[in-house]
Amino acid sequence: MRWLVGQIERLAERRVNLILAEYAYRDRFREQHLVVPNVHRVPESVPLPDQPRVVYLGSVTWARGAAELVETARLVAAKTNGEVRTIVIGSASGDVRTMLH
C-alpha cells in the first residue's frame, strides 16, 4: 500500500501544482512545493461563552452526517429546554445548506 501511495504522489507531482498542509510532507516529494500549515493557534485562556453551545467546525455533507448533525442539534435543544444552541461553522452544498436553515 505504501508503494502505491508513493506512486500516486509522484504522478500528482508531475501533473499538478501541489500545496502541502504540513512541512513534514516535503520529504515525500522531489520538488519544492508551497506549504500552507494546517494549524490553528489557540490562546492560553479563553473567556467563557455567554451561552452554552455545541460547535461543529468543518464541511457539512451528507457523507459526513449532515442529517445526524441536524437531529443531534434538535435533541440537544430539546434536552436542555433550548438553553444549549448548536452552531455550525463550515461550507455546505446547496441541498445541505437548505436543510441547515
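This is a predicted model: local features need pLDDT of at least 70, side-chain atom pairs count only at pLDDT 80 or more; totals for chains, interfaces and linings use all residues.
Which residues of helix 1 are buried?

## Helix 1

Gly6, Glu9 and Glu13 are the buried residues of helix 1. Around the axis they cover an arc of only 60°, which puts them on the same side of helix 1. An α-helix has 3.6 residues a turn, so residues three or four places apart point the same way.

The face turned away from that buried side looks otherwise. There sit the exposed residues Ile8, Arg14 and Arg15.

Helix 1 runs over residues 2-15 and has 14 residues. From first C-alpha to last, helix 1 reaches 20 Å, close to the 20 Å expected at 1.5 Å a residue.

Ala66, Leu69 and Val70 are buried in helix 2. Seen down the helix axis, these buried residues fall within an arc of 100°, so they line one face of helix 2. The face turned away from this buried side carries exposed Glu68, Ala78 and Lys79.

What do the buried residues of helix 2 pack against? Their partners are strand 3 (53-57), strand 4 (85-89) and helix 3 (94-100).

After helix 2 comes asparagine 81. The phi of asparagine 81 is positive, near 55°.

Key. Residues are numbered from 1 along each chain as its sequence is written. Side-chain values use heavy atoms; hydrogens and water are left out. Helices (H or I, at least four residues) and strands (E, at least two) are DSSP runs, numbered from the N terminus. The expected span of a helix is 1.5 Å times one less than its number of residues. Buried means under 20% relative accessible area, exposed over 50%, partly exposed in between (1.4 Å probe, protein chains only). The arc is that of the directions from the helix axis to the C-beta atoms. Contact means heavy atoms within 4.5 Å.
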